[in-house]
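Let's take a friendly walk along the place where two chains meet. Have the structure open as you read.

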Amino acid sequence: MQQLTEIRWHARAGQGAVTAAKVVAETALSADQYMQAMPEYGPERMGAPIKAFTRISDQPIDIHCNIENPNVVIVLDDTLLDVVDVAEGITSDGVLILNTCTPAAVVKKALGLPDSVKVACVDASGIALDTIKRDIPNTPIVGAFMKAAPGIIDLETFKGLLAKNLGKKFGQEMIDANHAAVDRAYEEVTVA
Amino acid sequence: MAEQKTVATTGNLVVAEAFRQCKPDVVAAYPITPQTTIVEEFAKFVAQGRVHAEYVTVESEHSAMSASIGASAAGARVMTATASQGLALMWEELHIASGMRLPIVMANANRALSAPINIHCDHGDAMGARDAGWVMLFAETAQEAYDNTIISVRVAEDPEVLLPTMTCLDGFITTHSIDRIDLLDDETVTGFVGEYEPVNALLDTDNPVTHGSFAGLGGPYFEFKKSQRNAIDRSKTVIERVGAEFSEISGRPFGLVETAMMDDADVAIVIIGSSAGNARHVARELRAEGMKAGVVKVRCFRPFPAAEVAAAIKGCKAVAVLDRSESFGAEGGPLYLEVRSALYDLETRVPVVNYIYGLGGADVRLELMHQVYNDLSDIASGSALPGKMVYLGAR
């Protein structure tokens, strides 16, 4: 049977969700997995709520449509919780990862999620400001994702790819800052 | 089999790669909205010196095709890309390209036509051009878009064919999504397509010819059209031959029609493009529950492989044809009309129903495919009669 992981990203345009969806897919490819990554295309307005999708599988992926029953939901902005039903359709054993300062248990209760769904919270924006010096939560939140939903993509492979991608435009300092952001989010994420 | 490089990238990018590897002499393009990044990426290749092509920036899509026609008639290998309104604006030129028997290869990102304004996927743009005399291939995936583009160059330029070829890929779903794709190396592709040897080139001044001249009342217009018909009919075996040759290099299948789980299928979906995989996915699920479901994907629409489609579905108890475009006022969508017609000469009557789906990028959810197979199952068991066209999933 096909091992298919479906990830849905929620963010505001400009937060780097599409890039993150892509890098996660590339990381999966590095491990010889099959993958897809696509944004839900709409009018491009900075700050508007957007969705993106990543599929990862051990076999070729046939389906081409939006993800309605994600195994993993990654939310890059906690103000979206008032605007979008981010947990819509999440599988009963799913994981929701959120960039927020609010404790995971509080978020889980607020979203009315069953016990079987794992909620993982991390202050990805705070970590990004500390390390990368800009509020780009997309890199650290992938660190939190790898901890909260283990076994889908590999931490070292992801960091290696990050270094390769960043190396095209930036120096070692920026690579180190991003690696630090990933490691910190990996360590600091709390799960309820 | 040739060595290949596995990459994570978009359909647009690999079509641009295929263009570069096929070494066109001229690319003329206009960035109408919606255009794709195919021509943008190709422009980069030209600027970087990675391909030696004359890149003509024209003032409209109409001019893009006009310039392509002029360059092709002169004797150049010509490629271009368009989408949606751009293809619509090219309409009169499409007929001139095929009437002058010019082997132009054009990628078309299948996107909706206005109004209302919508830039997302459907096949309305290409289907509007289905009578323009172009060979038309459709890709399910970015991989197929890459493969079809390379195959198209050989097909278009084959002396038995000499027809423009449109290689279609689904807008956004295939053009903009990141997918896993295997790319051949430059030498393999360049060697496969070979050097272009133009026929009746205008720049061959030792052998002066006229292209597209007057052929009015009493002239050979009628016979010209007959020769176009003969050429596109001949193209079928050429596409099969070139496709088979490409398969040997790539290790990937190529068929005018590609079937899945059809050997013992009671019910089948006939479909074009990126949603074929959705149908296959659901058919596999339903097979696990005991329904004998199958999928027939049409990869070549012009020439239409009627015999192959009929052979694939003749044993079915009910068939659904899914159209991602309209033919307003007709009995059904363009694919439906072809499939129904293909079945007419069969001894047995196969019930066929038509679904219009995914217009303007409407998401093709898996539950919609379930709905179609369930309807088919009811028809196959005799508990429902084949009904009129259904707008699948419309609110």
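## Salt bridges

A salt bridge here means a side-chain nitrogen of Lys or Arg lying within 4 Å of a carboxyl oxygen of Asp or Glu. Keep in mind that you are looking at a predicted model. By that rule, the count between chain B and chain A comes to 4 salt bridges. One of them pairs B:Arg280 with A:Asp62, whose closest N and O atoms are 2.7 Å apart.

## Polar contacts and the elements behind them

Across the interface of chain B and chain A, 8 residue pairs are in polar contact, both partners being at pLDDT 80 or more. On the side of chain B that touches chain A, at least two residues each come from strand S1 (4–10), strand S8 (178–184), helix H10 (276–288) and helix H13 (366–381). Of the elements of chain B, H10(B) gives the most to this side, with 5 residues. By residue type, the side of chain B that touches chain A divides into 7 nonpolar, 9 polar and 8 charged residues.

## Extent of the interface

In all, 24 residues of chain B are in contact with 18 residues of chain A. The area buried between the two chains is about 1800 Å², and carbon and sulfur atoms give 55% of that. Within chain B, the most area is lost to chain A by B:Ile178, B:Arg180 and B:Asp363, which together make up 35% of what that side buries.

## A strand pairing across the chains

Which strand of chain A is joined to S8(B)? Strand S2 (residues 34–39) of chain A is, through 2 bridges, and the two strands run antiparallel. In this pairing, A:Ala37 stands opposite B:Ile178 of S8(B).

Key:
Residues are numbered from 1 along each chain as its sequence is written. Chains are lettered from A and ligands numbered from 1 in the order in which they are written. This is a predicted model: local features need pLDDT of at least 70, side-chain atom pairs count only at pLDDT 80 or more; totals for chains, interfaces and linings use all residues. Side-chain values use heavy atoms; hydrogens and water are left out. Contact means heavy atoms within 4.5 Å. Buried area is the accessible area (1.4 Å probe) that two parts lose on being put together, summed over both. A polar contact is a pair of N or O atoms within 3.5 Å; within protein, one must be able to donate a hydrogen and the other to accept it, and residues adjacent in sequence count only if both atoms are side-chain atoms. Helices (H or I, at least four residues) and strands (E, at least two) are DSSP runs, numbered from the N terminus. Ala, Val, Leu, Ile, Met, Phe, Trp, Tyr, Cys and Pro count as nonpolar, Asp, Glu, Lys and Arg as charged, and the others, Gly among them, as polar. Two strands pair if DSSP finds at least two bridges between them.
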